[in-house]
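Welcome, and thanks for taking a look at this one with us. Please keep the structure open while you read the briefing.

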Amino acid sequence: MALTASGLSKGYGTRRLFEGVTLHLPAGRRVALVGGNGTGKTTLLEIMAGRRAPDAGAVTKPRDARIGYLPQDLRDVSDGTVRQHVIAGAGPLAGLAGTLKELEGRLGASADPQNDLVARYGEAQSQFEQLGGYALEAEAAKVLAGLGFSVADSDRPVAELSGGWRMRAALARLLVSEPEILLLDEPTNHLDVDSMAWLERRLAAWPGSLLFVSHDRDFIDAVADRIVEFASGAVVAYEGGFAEFVVAREENLKRIEAAAARQSREVARIERFVERFRYKASKARQVQSRVKTLRKLDRIHVPSRSELAARFDFGAPPRSGRVVAELTEAAVGYPDGDGPVVSGATLAVERGQTVALVGPNGAGKTTLLKLILGELPPSSGAVRIGANVRVAAFGQHQADELDGTKRAIEVFSAGIDPGRRNLRTVLGAFGFTGDDADRRVAELSGGERTRLALARLMVEPVNLLVLDEPTNHLDLPSCDILEDALAAYPGTVLLVTHDRHLIRSVADALIEVRHGRAVWHLGADESVLYPDDLHDQPAPDPAAPPAPGQPRAGSSAERAERRRASAQARAATSKLRRRVADLERAWAAADAEVGELHRRLSDPAVYDRPEEVHVLASAHEEAADRAAALLAEWEASLAELESLGERQEGVSAAT
């Protein structure tokens, strides 16, 4: 069932969000909407879902199609337990479940139940079973577990949950209801890495149409088969996942820039002709013709690349001890708890490291963070905070606490000694260039306020940054800015985030908090970022005959199996694609090092210092060996990626 938007336009006052947008979402398509904050992605989703009316254009959908919509923020709180809320999304089946529960209560309360009551209960039970009601309850339990709910949490009232867990419950309700068309606005904002890995697999095999907004590159890459970018009030569609989008977008931008350059040269040529012969009577007709041409010319607009040539100048923070925090067999819990939340933790965070804490929500990441920072005492073991450690922390709601009446530059520079730095230049590196630095905080979008709060925090003269989910509500360009800022930050960073691309890009080590333990991993271990996933399982061969007892080709079960196979192949491709990209970057760095050492060895003056020649020659040999090994590994991974891509095409074609 297809959902189609034709010629949509929307604006507020004098500000136009988008104009003449046309978008087609056919059955089986999984489309990601990307673009900067404030470009209109959420507004478009609301219009597609029927929650908001466009200024012009129309949305058409099949008459009987069910549309499921997950907004960024929930306004209504459901009655009942989490499980009841999720099952209620199944419509008629939920009504039958309620009827059964009511009849069960009446039967239990009656010492001598009437025959018609027993008959009604039997009829309702039979109908419930025929419609798959008992399978629905099992499916609801499976989805809730995948999104991180324990059995006990499933029986809690929805009203008792935090905002993030209510969003998870709303998402579970949508998934269980299985609408033909699913619209999701930032579904990963409140998920941990475990739940995100599960949701990726679920949505990659989604049988209906899917349109979603996300800033998470890995999530987009694993789920989407088409990217639609919002830029300058219009949309541009690209086939493939996020990696293909980046390449295709760059090629498209180069074509547009080349066309714009050719047009500029032609305009300049015409303008020179007009200026030269403006007052010459014999050329009057030609001059007027060219003037009209210029007036009618549709100038080519070059979209922004959403890239910022940021140069971060944080200044040198006070120097801390080499060990910023050290835990030895430490355990921590709360006085009113049943026992320690985390125990046996032994690790050391050293000066200059960026360490990411990962694990499921509720496993104890925040508790461990409080232990490391000295906010909670250990119940056993030892915790040592290094010398001269000065901390600045970013919380999830810190952006909401900014003074809306002040200008961005005022909030950023308040109480900061600039030293030799130009604070407007530093703020500009965070995306507030030119007049944007003078905008009132109240006029900024949620993502812009988050970016301002991060900028204000990182400019402080501290040597330990603690960031709790800093990417929530940030758009992709803002995530890039944060990534560059963390790479340039000279202090130590403790980072809690579900953004695996950010972790992979900046983290020197991971602390995995799970099952009451805190385990140190050097580097960004993929098995930690993608726990218990299907990435390493080979996709079944669609051409192979079914094994005995397996569903026959053409059955609904067979089609479902092929969709799962396709999802597994896409997930494996996404993981391997990231591996190829990492190896390519590492090989490029090693090759550059070889080139630099070769240049130094080519300098005749260096041979006046034999000991230096020996050191350089050894370093050159080691770098060359390392570059060769990385190149070989890259070539092998690339060949594996191409082979996996061919298998995925075969699975998709069979599906």
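**Starting at helix α1**

Gly50 comes after α1 and has a positive phi, near 80 degrees. Please bear in mind as you go that this is a predicted model. The protein has 655 residues, of which 45% are buried, and its secondary structure comprises 20 helices and 18 strands. Of the contacts with a separation of 6 or more, 71% are between residues 24 or more positions apart.

**Helix α1**

- Helix α1 covers residues 41-48 and is mostly covered, with 7 of its 8 residues buried.
- Those buried residues are Lys41, Thr43, Leu44, Leu45, Glu46, Ile47 and Met48.

**Helices α7 and α8**

- Helix α7 spans residues 163-177 and helix α8 spans residues 193-204; their axes come within 13 Å and cross at roughly 20 degrees.
- That angle makes α7 roughly parallel to α8.
- The crossing of α7 past α8 is left-handed.
- On the α7 side, the contact is made by Arg168, Leu171 and Leu175, while α8 brings Ser195, Trp198, Leu199, Arg202 and Leu203.

- Glu180 sits in the loop that links α7 to β6 (181-185).
- Glu180 and Leu210 are 30 residues apart along the chain, and their C-alpha atoms are separated by 8.6 Å.

**Helices α10 and α11**

- Helix α10 (residues 242-277) and helix α11 (residues 284-296) have axes that come within 10 Å and cross at roughly 145 degrees.
- Here, too, is a handedness to note: α10 passes α11 in a left-handed crossing.
- From α10, the residues making the contact are Val267, Ile270, Glu271, Phe273, Val274 and Phe277.
- Their partners in α11 are Gln286, Val287, Arg290, Val291, Thr293 and Leu294.
- The residues of the α10 and α11 contact divide into 8 nonpolar, 2 polar and 2 charged.

**Helix α15 and its surroundings**

- Helix α15 runs over residues 446-458, and its 13 residues reach 18 Å from the first C-alpha to the last, close to the 18 Å expected at 1.5 Å a residue.
- How many residues of α15 are buried? The count is 11 of 13, and α15 is mostly covered.
- The buried residues of α15 are Gly447, Glu448, Thr450, Arg451, Leu452, Ala453, Leu454, Ala455, Arg456, Leu457 and Met458.
- What do the buried residues of α15 pack against? Their neighbors are the strands β14 (391-394) and β15 (464-468), together with the helices α13 (408-413), α14 (423-429) and α16 (476-488).

**α15 against α16**

- The axes of α15 and α16 are 11 Å apart, and the two helices pack at an angle of about 10 degrees.
- They are therefore roughly parallel to each other.
- In this pairing, Arg451, Leu454 and Met458 of α15 meet Ser478, Ile481, Leu482, Ala485 and Leu486 of α16.
- The residues of that contact divide into 6 nonpolar, 1 polar and 1 charged.
- Arg451, Leu454 and Met458 are also among the buried residues of α15.

Key: Residues are numbered from 1 along each chain as its sequence is written. This is a predicted model: local features need pLDDT of at least 70, side-chain atom pairs count only at pLDDT 80 or more; totals for chains, interfaces and linings use all residues. Side-chain values use heavy atoms; hydrogens and water are left out. Axes are lines fitted to C-alpha atoms, for helices over the stretch in contact, and angles run from 0 to 180 degrees between N-to-C directions. Helices (H or I, at least four residues) and strands (E, at least two) are DSSP runs, numbered from the N terminus. Angles under 35 degrees count as roughly parallel, over 145 as roughly antiparallel, 65 to 115 as roughly perpendicular and the rest as oblique. A crossing is left-handed if the near helix is turned anticlockwise from the far one by less than a right angle, and right-handed if clockwise. Contact means heavy atoms within 4.5 Å. The expected span of a helix is 1.5 Å times one less than its number of residues. Buried means under 20% relative accessible area, exposed over 50%, partly exposed in between (1.4 Å probe, protein chains only). Ala, Val, Leu, Ile, Met, Phe, Trp, Tyr, Cys and Pro count as nonpolar, Asp, Glu, Lys and Arg as charged, and the others, Gly among them, as polar.
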